[in-house]
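I opened this entry to keep track of what I looked up.

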Amino acid sequence: MDDRMIIRGGRPLRGSITAQGAKNAALPVMASALLLQGRRLILERVPDLQDIHTMADLLRHLGAQISFEGGRMTIDVPEELKWETPANLVRKMRASSLVLGPLVARCKEAVLPLPGGCAIGSRPIDLHLKGLTRMGASIDLEQGSVRARTDGLSATRIALDFPSVGATENLLMTAALTPGESVIENAAREPEISNLAQALRAMGAYVEGDGTGTVVIRGAKELESATVRIIPDRIEASTYLLAGLMTRGEVTVNGINPEHLGALLSKLDEAGVAVEASPDSVCLSSPGRDWGGVTLTTSPYPGFPTDVQPQIMAALCMADGTSVIHESVFDSRYVHVEEFRRMGCKIDIQGNTVVVIGVPKLTGAEVRASDLRAGAALILMGLAAEGETSVCGLNHVWRGYERLMEKMESLGADMEFVPGSEREE
Ligand code: UD1
């Protein structure tokens with residue numbers, strides 16, 4: 001039997017929490033340490049999460065020494081690095097592919113088993129590989145692994161077919177250690193890209209245009225030791241704000257940049273939810289009546305984030321009206337719908353579009369998380385539902401939410417962790 005979270009729902013969540021550092025910013029910044037040689041990278045506000053430990057283990061395997069305490073991570077990079085990555089770590093997490101560019105730039109060679117990660121549709125890395133090829137790497141696929149090699153990379157202009165977050169990050173890091181001027185066009189504009197650009201600037205590379213579709217990088221021959229602060233986690237913040245709304249309470253998230261939540265906040269405003277923002281916090285309160293249905297399409301930043309799609313769907317299941325959600329970033333990111341239906345939701349799937357008909361109440365059930373954000377959404381459903389909900393598949397949730405139960409309980413949630421039978425032995 002799996003570990004389970006038992007949630008006794010129906011209690012309004014009230015109060016404030018502080019956002020964790022962004023997982024999706026910390027992971028690429030950690031990978032960028034591999035660009036250093038005999039130098040140190042210090043990261044501040046790193047969340048203590050499973051994915052962060054997986055990336056730390058991967059960097060250690062390659063030769064880095066890492067200490068991590070109280071949100072501060074110190075990565076010491078030796079003169080010589082290994083460049084073959086182990087399948088057991090890489091398959092745990094798709095973001096492992098972020099070490100490919102830095103290793104090719106630093107070691108002229110890298111081997112990466114094809115990565116794993118959340119089960120949300122097919123997630124190739126062809127754009128990463130195409131970009132590295134443009135920069136002068138030769139790529140071979142051998143027995144389920146990518147082998148990248150070069151005699152020397154050259155700065156160039158790369159136009160991405162799609163503004164992939166990971167491909168933009170991989171190429172940005174590679175270009176930072178490739179002398180000359182590289183340009184990435186149709187680059188992803190996510191705030192996490194700007195956090196990485198900030199890290200690379202602190203190491204001595206020239207990066208301009210991050211946060212726009214055209215990023216210009218003038219690489220250096222060698223990069224320097226640096227200290228970087230990780231930005232707040234906009235996906236975690238969105239999840240807690242929706243928990244307050246769905247339980248008809250009022251949650252404030254502090255220590256965030258409300259601009260990073262722009263697409264979510266404007267949709268909620270459209271639905272009739274009271275949104276209050278200060279320069280570094282957001283408070284959502286339920287309107288005292290049901291919120292309305294909305295139509296939304298997920299898309300790259302600054303569009304509506306795909307990583308909040310399951311959570312907003314959970315809130316829209318309780319709306320007074322019908323909503324239409326179109327998922328344009330990933331295929332098959334609706335695995336959670338079957339579980340939602342067990343809790344009384346009315347949802348119809350047509351390809352990558354779902355129609356959600358709001359219902360007056362949700363009821364507790366036994367459900368399973370299929371991926372990280374689906375797991376977060378099921379927890380929100382459990383908090384809002386009448387009766388008891390049991391969520392398993394929690395290993396996905398721990399990949400992205402630091403001290404989730406402690407934070408939810410501080411807002412008044414009634415939840416309990418029941419260890420699986422392996423732990424009881
Ligand atoms: C990152 C986030 C993830 C988020 C996603 C989209 C991290 C660690 N993860 O993932 O949480 O859901 O952005 O906001 O930051 N694609 C290709 N070929 C490629 C690369 C991507 O076809 O070479 C496709 C993917 O299959 C997917 C879409 O592009 O359909 C978006 O992927 P991408 O932006 O690369 O997401 P990730 O960097 O994997």
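I began with His260, which sits in the loop between β14 (250-254) and α9 (262-270). Helices (H or I, at least four residues) and strands (E, at least two) are DSSP runs, numbered from the N terminus. I noted that this is a predicted model, in which local features need pLDDT of at least 70, side-chain atom pairs count only at pLDDT 80 or more, and totals for chains, interfaces and linings use all residues. Residues are numbered from 1 along each chain as its sequence is written, and side-chain values use heavy atoms, with hydrogens and water left out.

Is His260 buried or exposed? His260 counts as buried because its relative accessibility is 16%. Buried means under 20% relative accessible area, exposed over 50%, partly exposed in between (1.4 Å probe, protein chains only). I then listed what His260 touches: Pro191, Ile231, Arg234 and Tyr301, leaving out residues up to four places away in sequence. Contact means heavy atoms within 4.5 Å.

Next I checked helix α4 (residues 100-107). Eight of its eight residues are buried. Among them are Leu100, Pro102, Arg106 and Cys107. Just after α4, I found Lys108 with a positive phi of about 70°.

Then I turned to the domains. The chain is divided into domain 1 (4-19 + 232-418) and domain 2 (23-226); such bounds come from an automatic or database domain assignment. Their centres, taken over C-alpha atoms, are 31 Å apart. The contact takes 23 residues from domain 1 and 22 residues from domain 2.

How many residues surround the ligand? I count 19, and the closest are Arg94, Asp126, Ser164, Asp307 and Val329. Near here means that a heavy atom of the residue lies within 4 Å of the molecule. Domain 1 and domain 2 each give at least three residues to this shell. Helices α5 (126-134) and α6 (165-176) each supply at least two. The largest share, three residues, comes from α5.

I also looked for polar contacts (pairs of N or O atoms within 3.5 Å). A side-chain N or O atom of Asn24 is 3.1 Å from an oxygen atom of the ligand. A backbone N or O atom of Pro124 lies 3.3 Å from a ligand nitrogen atom. For Gly166, a backbone N or O atom is 2.8 Å from a ligand oxygen atom. The protein covers 85% of the 740 Å² of accessible area that the ligand has on its own, by the Shrake-Rupley method with a 1.4 Å probe.

Conventions. A polar contact is a pair of N or O atoms within 3.5 Å; within protein, one must be able to donate a hydrogen and the other to accept it, and residues adjacent in sequence count only if both atoms are side-chain atoms.
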